[in-house]
Amino acid sequence: MAELIVRGGMLVTPAGLRRADVAIEDGRIQAIGPELPGGAEEIDARGLHVFPAVIDVHLHFNEPGRTEWEGAATGSRALAAGGGTVFFDMPLNSTPCTVNAREFDRKRAALKASSITDFGLWGGLVPGNIGEMAELADRGVVGFKAFMCDSGLPEFPRADDFTLFEGLVEAARLELPVAVHAESHELMQGLSRRMAEQGRTEARDFLASRPVVAEVEAIERATRLAGEAGAKLHIVHISSGRGVVAAAEAKARGVDVSIETCAHYLFFIEEDLERLGAVAKCAPPLRDAEQHDALWKTLLDGTIDIVASDHSPAPPAMKTGAIMQTWGGIAGVQSTLAVLLEAGHFRRGLPLERVAKLTAATPAQRFCIAHKGSLAPGNDADLTLIDLRGSYTLEARDLQQRHAISPYIGAAFRGVVRRTLRRGETIFANGAITARTEGTLVRPS
Ligand SMILES: [Zn+2]
């Protein structure tokens, strides 16, 4: 008899919706079916939908070194409150950055001690560290992250084309993906310099300094190089419909590329940056209504593979003042599923199975994380129970992250996360964190 039964929920599986019980033993799903024999413990899920928990492939918890910006203790609690059980932490903005095995070990130890969810680690690809990539692969990185433009941190320099190409070749040898922040350094540098010379510092000027063409050009270049190198490429946070189309064209030519966008590009447009200020500043920036609609079109037609948060928090002092000088990063780790349910499912008819695919199944598949990402016997019991009849307006006090700074505060959402289970343990229930144990490292199999 199983230790735990999740009773009577509507399961969201790749094959569709199905009302069934879930039997859990040793942290794994033992069986799925109707009226399974009772366990020592039962969770009543009648009236709720049972999703595979969110795997957030792109965020910044900044530990070790910048935990005053976030930290895995608070960040992972916010992820759990949003229905997530796994995150992949970027090699920055922790400090030192995760660019060699020593820093991997330090970050792994820090996260193991503080995270309530499981986690994977991205390694960095920066000029001069190609020789470190093999050891990072041995340690278990999910892939390598490179910036094609300035990262915002001097300790994580951008990858010039030569570094990127050599890194792609090495990553192909190691059979791991390279993730790129795709914006043209050359174009943005020139435009930013011009803005500065003209004393232009408003939100509109910031937007104009990072145009869609800078994204499209970098995506085209990255996919060319990846195709030539025979590497797996993951393009993070594509912000525009045109950007997605450029990546999809490369995919159609046979380049092994996965396409990520972030919840904020699906929820906000340029005018929201002017309205909300620095809390909605990110890079690439929010786009106009036309590119926002085009992005949604590519999400609805299945061209976008993965939706992540790119949670990139900073202390309040760095998010106030002139927009050009403030930190670029949106702190939205708790709201990815919320955005896909409200703006996707309820407003645009996005099927629930697709929500689960974008946030769990494809992340697990693309990054070869075995036993996670879908509701199936043998997989880890990583589930989130959602009340689709419930609704709420997000308030600052709901946020579990370190600083209650989020552009989603004040927004109304349908669909409430009632409970999150990580390997069978309830880590969040009815508005409160209940985790008793820490998370562990996941690595590609
Ligand atoms: Zn990021």
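Is the crossing of α4 and α7 left-handed or right-handed?

1. The crossing of α4 and α7 is right-handed. Please keep in mind that this is a predicted model. Helix α4 covers residues 161-174 and helix α7 covers residues 212-229; their axes come within 9 Å and cross at roughly 40°. An angle under 35 degrees would count as roughly parallel, and one of 65 to 115 as roughly perpendicular. The pair is therefore classed as oblique.

2. Six strands form an open sheet in the order β9-β10-β11-β12-β13-β14, and their pairing is parallel. Its edges are β9 (123-124) and β14 (306-308), each of which pairs on one side only. Within the sheet, β10 (residues 144-147) and β11 (residues 178-181) run parallel and are joined by 4 bridges. One detail to look up there is alanine 146, whose bridge partner in β11 is valine 180.

3. Helix α8 (residues 241-252) lies across β12 (233-235) and β13 (257-262), and runs at about 165° to β13. Helix α13 (residues 352-366) also packs on the sheet, where it touches β12, β13 and β14; its direction makes about 110° with that of β14.

4. The zinc ion has His58 (NE2), His60 (NE2) and Asp310 (OD) as its protein donors, lying 2.1 Å from it. Along the sequence these donor residues follow the spacing H-x1-H-x249-D. Buried here means under 20% relative accessible area. Histidine 58, at 0%, is therefore buried, and histidine 60, at 5%, counts as buried too.

5. Finally, have a look at serine 309, in the loop between β14 and α12 (336-348). Its relative accessible area is 3%, so serine 309 is buried. Beyond its neighbours within four places in sequence, serine 309 is in contact with Asp56, His58, Leu59, Cys262, His264, Gly332, Val333 and Thr336. One of these contacts, His58, is also a zinc donor. Glutamine 334 lies 25 residues from serine 309 in sequence, and their C-alpha atoms are 8.3 Å apart in space.

Note on methods
Residues numbered from 1 in each chain as written. Predicted model: local features only at pLDDT ≥ 70, side-chain atom pairs only at ≥ 80, totals over all residues. Heavy atoms only, no water. Donors = N, O, S within 2.8 Å, 3.2 Å for Na, K, Ca; no water. Buried < 20%, exposed > 50% of the residue type's maximum accessible area, 1.4 Å probe, protein only. Pairing = 2+ DSSP bridges. Helix = DSSP H or I, 4+ residues; strand = E, 2+ residues; numbered from the N terminus. Contact = heavy atoms within 4.5 Å. Axes fitted to C-alpha atoms, helices over the stretch in contact; angles between N-to-C directions. Parallel < 35°, antiparallel > 145°, perpendicular 65-115°, else oblique. Left-handed = near helix turned anticlockwise from the far one by under 90°.
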